[in-house]
Amino acid sequence: MQPSPRKSAAIILDWGTTSFRAFLLAADGKVLDSLETNDGIQSCTDGAFEALLMSRIAPWTASNGALPVLALGMITSRNGWIEVPYVSCPATLADLAAGTRKITLPNGAPLVFLAGLNDPGREPFPDVMRGEETQILGYGLDRDATVVLPGTHSKWARVEKGRIAGFQTFVTGEIFSLLSKHSFIARSAGDTAGEADWAAFDRGVATVASGSKQANVFLSLIFSARTGMLAGQLKPAEILDYVSGLLIAHEFHEAMTANWCISGGEIGIVGNDGLNTRYARTAKAFGLGVRDGGEMAAIQGALQIAATLDLLGEPAR
């Protein structure tokens with residue numbers, strides 16, 4: 001006897017500045033279908049978010065009816081569809097669920113906008129995240145942990161006593177993008193198409209992780225990408241991976257100096273931007289264990305909020 005097919009229960013949107021990603025889910029979290037387009041919020045003219053959404057999910061609603069939709073990411077920012085105020089740390093699942101905002105779509109389905117998170121304890125201003133808090137929920141609040149979310153603006157967060165206790169942002173990815181496109185590094189680097197040069201990356205990591213005084217002078221350290229080439233010790237094709245290693249290792253150096261984790265401890269790494277391997281290698285160089293948070297943590301976190309709001313039906317048996 002064939003098992004009954006899973007019943008579609010919800011649609012999760014990860015709607016960012018440059019991309020639109022949607023997932024059709026069963027109540028047990030199984031991804032039944034997905035789509036990704038370049039319809040980020042910056043390309044949605046005249047605020048026509050609703051029309052775009054209904055167009056993109058039309059095949060799913062035609063087959064499954066009016067499903068609840070949960071939206072996370074920059075779509076809930078002041079530049080998005082509806083600005084949802086940040087929930088402040090420390091925050092529980094219940095706090096994040098209570099911070100959502102709901103409207104009704106033309107087909108009668110609820111559309112729930114998920115709240116971002118801020119940390120009023122950061123200086124000189126409160127730190128913010130929008131979307132990553134859902135990944136942390138998916139990773140789990142059931143045990144104390146340090147969770148690292150690599151990206152353009154990487155986050156280091158602390159989970160304690162079932163709450164997201166606080167977090168700090170490091171603009172590592174954005175700095176790498178600027179250096180690799182608009183600096184002497186861009187002019188010096190050779191063709192880097194293809195696989196990562198892990199030896200060059202690890203060399204950059206080791207330069208910081210070795211504990212030398214150079215690790216504390218970041219602006220001087222970056223210039224080693226040029227002096228290494230002039231000394232004949234770095235090839236042009238190695239430069240970008242070397243710089244990537246320097247930057248990510250310096251993120252670890254700063255985070256550990258700020259007591260987000262100590263050598264001999266463990267971090268969870270959550271993300272799906274191809275950076276997890278780089279962060280795991282760097283963690284090892286700093287004496288840290290790694291717990292893989294997987295690539296679907298945001299979906300799992302959104303489902304937890306949906307369940308808390310009683311938006312999901314029972315999975316098909």
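In this predicted model, Ser 154 is tucked away: its relative accessible area is 0%, so the residue counts as buried. Ser 154 belongs to strand S11, which runs over residues 154-160. A polar atom of the Ser 154 side chain sits 3.2 Å from the backbone nitrogen of Gly 151. Leaving aside residues up to four places away in sequence, Ser 154 touches Leu 149, Gln 168, Thr 169, Phe 170, Thr 172, Glu 251 and Tyr 279.

One of those partners, Glu 251, falls within helix H10, which covers residues 239-257. Just past H10, Asn 259 adopts a positive phi of about 70°.

Elsewhere, there is a helix pair to look at. Helix H4 (residues 132-139) and helix H12 (residues 297-308) have axes that come within 6 Å and cross at roughly 85°. On the H4 side, the contact takes in Thr 134, Gln 135, Leu 137, Gly 138 and Tyr 139. These meet Ala 297, Ala 298, Gln 300, Gly 301, Ala 302, Gln 304 and Ile 305 in H12. Sorted by class, the contact between the two helices is made of six nonpolar and six polar residues, with no charged ones.

Key
Residues are numbered from 1 along each chain as its sequence is written. This is a predicted model: local features need pLDDT of at least 70, side-chain atom pairs count only at pLDDT 80 or more; totals for chains, interfaces and linings use all residues. Side-chain values use heavy atoms; hydrogens and water are left out. Axes are lines fitted to C-alpha atoms, for helices over the stretch in contact, and angles run from 0 to 180 degrees between N-to-C directions. Helices (H or I, at least four residues) and strands (E, at least two) are DSSP runs, numbered from the N terminus. Contact means heavy atoms within 4.5 Å. Ala, Val, Leu, Ile, Met, Phe, Trp, Tyr, Cys and Pro count as nonpolar, Asp, Glu, Lys and Arg as charged, and the others, Gly among them, as polar. The expected span of a helix is 1.5 Å times one less than its number of residues. Buried means under 20% relative accessible area, exposed over 50%, partly exposed in between (1.4 Å probe, protein chains only). A polar contact is a pair of N or O atoms within 3.5 Å; within protein, one must be able to donate a hydrogen and the other to accept it, and residues adjacent in sequence count only if both atoms are side-chain atoms.
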